[in-house]
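Subject: The structure, and what turned up in it

Hi there,

Here is the structure I promised to send over. Have a look at it first, and my notes follow below.

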Amino acid sequence: MSDPIKEFEEMYFKTLYEFYEKDPEAKVRTGDLAEALRVTPASTTEMVQRLAQKGYLEYVPYKGSSLTEKGLKHGRRMKRRHYLAGVLLDHLPFQGNNHSTACRLEHAIDDDLEVALAIYLGLGKSDYRQIYGKILDSEIEERVNQISHGLRTLGEMKVGETSKIEIISASNSNKELMANLGLAIGNNITKISDNSYSSKDLEININSELQSNIIING
């Protein structure tokens with residue numbers, strides 16, 4: 001059984017992948033990598049040697065290092081999770097530093113949470129591959145497509161149609177208000193007209209912005 005990848009190793013994967021994006025053929029000099037990571041050259045040398053022994057890097061003394069296919073997979077993964085964390089923060093009333101906070105959050109995202117966030121943030125739609133491009137993992141994409149199949153926004157319903165609420169993307173106060181109106185995950189909802197809906201025997205007027213934050217299945 002292989003050792004679990006540690007957070008500081010993930011930082012090396014992501015940073016080396018960013019160098020790879022600029023020039024896929026170039027080896028990254030240890031000094032440049034150390035500067036990008038804001039660590040000492042000595043600790044960087046030690047780390048790249050360790051990662052090379054595990055098969056994640058190709059390391060040539062005095063020339064630099066580059067990611068192997070095994071390392072590239074982890075580099076792409078960290079880039080995706082950093083992006084997801086940044087998009088999540090954009091959806092929140094967050095006033096801190098987006099980039100530095102996303103750098104911390106990315107390490108807490110595993111495969112299951114990556115799939116859930118991709119669907120919750122709307123990246124499981126047709127533009128998912130376009131957003132991720134070459135860093136998209138085929139297994140993650142397959143899971144996103146399987147789970148998100150049949151999901152659509154409330155506004156996409158046709159008049160007279162009834163569906164089940166699967167996701168509500170709103171603030172806690174708005175979620176509580178919507179729950180009081182019968183708009184809760186798992187409840188059925190029927191479209192009466194463009195902005196008029198019925199749930200739990202209540203007729204509710206829902207504007208287009210809120211409609212885009214309510215995801216239904218079926």
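First, some terms: axes are lines fitted to C-alpha atoms, for helices over the stretch in contact, and angles run from 0 to 180 degrees between N-to-C directions. Helices (H or I, at least four residues) and strands (E, at least two) are DSSP runs, numbered from the N terminus.

This is a predicted model, where local features need pLDDT of at least 70, side-chain atom pairs count only at pLDDT 80 or more, and totals for chains, interfaces and linings use all residues. Residues are numbered from 1 along each chain as its sequence is written, and side-chain values use heavy atoms, with hydrogens and water left out.

**The helix pair**

Helix 4 (residues 69-90) packs against helix 6 (residues 111-120) at about 45°, and their axes lie 11 Å apart. The two are therefore oblique to each other (under 35 degrees counts as roughly parallel, over 145 as roughly antiparallel, 65 to 115 as roughly perpendicular, the rest as oblique). Helix 4 contributes Arg77, Arg80, Arg81, Leu84 and Leu88 to the contact, and helix 6 contributes Asp111, Glu114, Leu117 and Ala118 (contact means heavy atoms within 4.5 Å).

Six strands form an open sheet in the order 3-8-4-5-6-7, with antiparallel pairing (two strands pair if DSSP finds at least two bridges between them). At the edges are strand 3 (151-153) and strand 7 (202-205), each pairing on one side only. From one strand to the next, the twist averages 40°. Strand 4 (residues 162-168) and strand 8 (residues 214-217) are joined by four antiparallel bridges; Ile168 has Ile214 of strand 8 as its bridge partner.

Best wishes
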